[in-house]
Amino acid sequence: MGVAQALAGLAGLVAALIGGVLGLGALASLLITLRAEAEFPPAGRFVPVAGGRLAAIEAGPREGARGTVILLHGASANGAEPMEGVGRLLAAQGFRVIAFDRPGFGWSDRLAAATPAAQGAVIAEALEGMGIGPAIVLGHSWSGALAASLALDHPERVAGLALVSPVALPFPQRPDPPWYWRLALQPLVAWLLSRTLGPPVAMTYLERAARSVFAPQAVSDDYLTRARAALVLRPGTLLANVQDLTGLPAALAAQGPRYGGIRVPTVIVAGEADPIVRTEFQARPLAQRIPGAELVVLPGIGHMVHYVAAEALAREVGRLAERIGERRPLPAAAP
């Protein structure tokens, strides 16, 4: 056998092995998807929007409520996550609470909406269709930018903002990722991986990821089940998550200079010990950019404020509702 034939045979063997691994990954991904969807079916109603629909979970009174609170979840999550954290508590305190699955997450259609501005437009359309607004919009982590975008672009739907462990400003410049990460983030490669190896690999990281985002606190009891976390393992949701995260830096660079135009009462609640979204890089400077914003930093608390400090957060939402009721004028935006 010549060298060329040997190399060709080796290449064929490698290709067969890769194909076999990807095939097994695709089968595992299908099984993971079927199991997640059977365990966590839709938990609320669907709201029609242009091109599809958004899923929403609701709690609390519709009549005589203290106000309406819209919950917007962060990355790798769905509407059940904030609802089971602080949402049920707010409902018990007399608020009408609506938690949306962001486009592409939970049971919501993707709707070609990857940026905070695009998702804000979809959320605003859903709220209009539901006859809701202005409301208090509570955005956690990634949805700090989404909630701020709603206040900037759709102010008629927003009475006040509660930004929790928010990501809303550009991150400090970081080194380029290794070549294999850059390869994995290419659209076609990301699409392939999300439908083959992505779900089974991600499934092995669910508990570790929960411990990471809850640090330095322990993971809340039964969190992965209550938050319906396995829904993020589905191929379409994994891909949506990657798209949202990789597109966020450019969106923040464009949106950040506009925060002086937010004209609604705003409270920013962050954990002093947050290892995921550092308060000194996000919450503190953001509070200086939004006119009249109040900053509440919780000592010793990490990223998951809406779980580990739910009562403190609910208290701040109640105070925000009182501020809105008082219609206290805000200072003029800086020139």
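A charge is said to sit over a ring if NZ of Lys or CZ of Arg is within 6 Å of the ring centre and within 35 degrees of the ring normal. The charged end of Arg 102 also sits over the ring of Phe 105, 4.5 Å from the centre of that ring.

The structure is a predicted model, in which local features need pLDDT of at least 70 and side-chain atom pairs count only at pLDDT 80 or more, while totals for chains, interfaces and linings use all residues. Residues are numbered from 1 along each chain as its sequence is written, and side-chain values use heavy atoms, with hydrogens and water left out.

Helix H2 covers residues 80–92 and has a kink of about 50°, centred on Val 86. Helices (H or I, at least four residues) and strands (E, at least two) are DSSP runs, numbered from the N terminus. The bend at a residue is the angle between two axes, one fitted to the seven residues ending there and one to the seven starting there. Ten of the 13 residues of H2 are buried, where buried means under 20% relative accessible area, exposed means over 50%, and partly exposed is in between (1.4 Å probe, protein chains only). Just after H2, Gly 94 takes a positive phi of about 105°.

Strand E2, residues 52–59, contains Arg 53. This arginine counts as partly exposed because its relative accessibility is 38%. With neighbours within four places in sequence left aside, Arg 53 is in contact (heavy atoms within 4.5 Å) with Phe 46, Val 47, Pro 48, Ser 108, Asp 109 and Leu 111.

The next topic is charge pairing. Side chains of opposite charge can pair when their charged atoms come close. The whole structure holds twelve salt bridges, each defined as a side-chain nitrogen of Lys or Arg within 4 Å of a carboxyl oxygen of Asp or Glu. In one of them, Glu 37 pairs with Arg 234, and the closest N and O atoms are 3.1 Å apart. This bridge links distant parts of the chain: Glu 37 belongs to helix H1 (residues 3–39), Arg 234 to the loop between helix H8 (223–226) and helix H9 (235–255), and they are 197 residues apart. Glu 37 has a relative accessible area of 27% and is therefore partly exposed, whereas Arg 234, at 7%, counts as buried.

Another salt bridge joins Arg 62 to Glu 58, with the closest N and O atoms 3.4 Å apart. Arg 62 counts as exposed at 55% relative accessibility, and Glu 58 as partly exposed at 22%. Both belong to a network of salt bridges that links Arg 45, Glu 58, Arg 62 and Arg 96. Elsewhere, the side chains of Arg 278 and Glu 280 meet in a salt bridge at 2.7 Å, N to O. Arg 278 is partly exposed at 40%, and so is Glu 280 at 36%.

Aromatic rings also pair. Rings of Phe, Tyr and Trp (its six-membered ring) pair if their centres lie within 6.5 Å; planes under 30 degrees apart count as stacked, over 60 as edge-to-face and the rest as tilted. By this rule there are three aromatic pairs. The rings of Phe 214 and Tyr 307 have centres 5.9 Å apart and planes at 70°, so this pair is edge-to-face. Phe 214 lies in helix H7 (residues 198–214) and Tyr 307 in helix H11 (residues 305–308), 93 residues apart. Tyr 223 and Tyr 307 are also edge-to-face, because their ring centres are 5.1 Å apart and their planes are at 80°. Here the pair links helix H8 to helix H11, across 84 residues of chain. Ring pairs thus link Phe 214, Tyr 223 and Tyr 307 into a cluster. Phe 214 and Tyr 307 are both buried, and Tyr 223 is buried too.

Lastly, Thr 196 is found in the loop between helix H6 (187–194) and H7. It counts as buried because its relative accessibility is 5%. A polar atom of the Thr 196 side chain lies 2.8 Å from the backbone oxygen of Leu 192.

Methods: Polar contact = N/O pair within 3.5 Å; in protein donor to acceptor, adjacent residues only side chain to side chain.
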